[in-house]
Amino acid sequence: MMPADKKFKTKELSKQIGSARLSFGEPEFMERFLGISPGSVSVLGLMNDAENRVQLLMDRDVLKGTYFGCWS
């Protein structure tokens, strides 16, 4: 999760989390793990992950804020 006005840099995040390659989730995985489809992705989909298979990463700038908004 990151601020809308901040540019996402795949290379930097890959290095921070020790991943060689990042990619967007396949539609079938999004449906199975979060009960959502592409185009309807929201942090609220994590409520459907009863087995805690998905990890949410939050940008420091989001954490420093007083509030953050999300919608479904």
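I take buried to mean under 20% relative accessible area, exposed to mean over 50%, and partly exposed to mean anything in between. The model I am reading is predicted. At 35% relative accessibility, Asp-61 therefore goes into my notes as partly exposed.

I next looked up the partner of Asp-61 and found a salt bridge with Lys-6, where the closest N and O atoms are 3.1 Å apart. This pair links distant parts of the chain, since Lys-6 sits in the segment before α1 and Asp-61 in helix α3, 55 residues apart. Lys-6, itself partly exposed at 36%, also forms a salt bridge with Asp-59, with the closest N and O atoms 2.9 Å apart. Asp-59 belongs to the loop between α2 and α3, so this second pair ties together parts that are 53 residues apart in sequence. I note that Asp-59 counts as buried, at 18%, and that Lys-6, Asp-59, Asp-61 and Lys-64 are linked in a network of salt bridges.

I then turned to Asp-49, which lies in the loop between α2 (27-34) and α3 (60-64) and counts as buried at 4% relative accessibility. Its side chain meets that of Arg-53 in a salt bridge of 3.4 Å, N to O, and Arg-53 is partly exposed at 38%. A polar atom of the Asp-49 side chain also lies 2.7 Å from the backbone nitrogen of Val-54.

Last, I looked up the largest pocket, which holds about 2000 Å³ of space. Of its 45 lining residues, the closest to the centre are Met-1, Phe-8, Leu-13, Leu-56 and Leu-57. I recorded the lining as 27 nonpolar, nine polar and nine charged residues, with α1 giving the most, five residues.

Methods
Residues numbered from 1 in each chain as written. Predicted model: local features only at pLDDT ≥ 70, side-chain atom pairs only at ≥ 80, totals over all residues. Heavy atoms only, no water. Helix = DSSP H or I, 4+ residues; strand = E, 2+ residues; numbered from the N terminus. Buried < 20%, exposed > 50% of the residue type's maximum accessible area, 1.4 Å probe, protein only. Polar contact = N/O pair within 3.5 Å; in protein donor to acceptor, adjacent residues only side chain to side chain. 1 Å grid on protein atoms, 1.4 Å probe; cavity = no way out; pocket = protein on both sides within 12 Å on 5 of 7 lines; lining within 4 Å. Points joined across faces, edges and corners; volume = space filled by probe spheres on them. Nonpolar A, V, L, I, M, F, W, Y, C, P; charged D, E, K, R; others polar. Salt bridge = Lys/Arg side-chain N within 4 Å of Asp/Glu carboxyl O.
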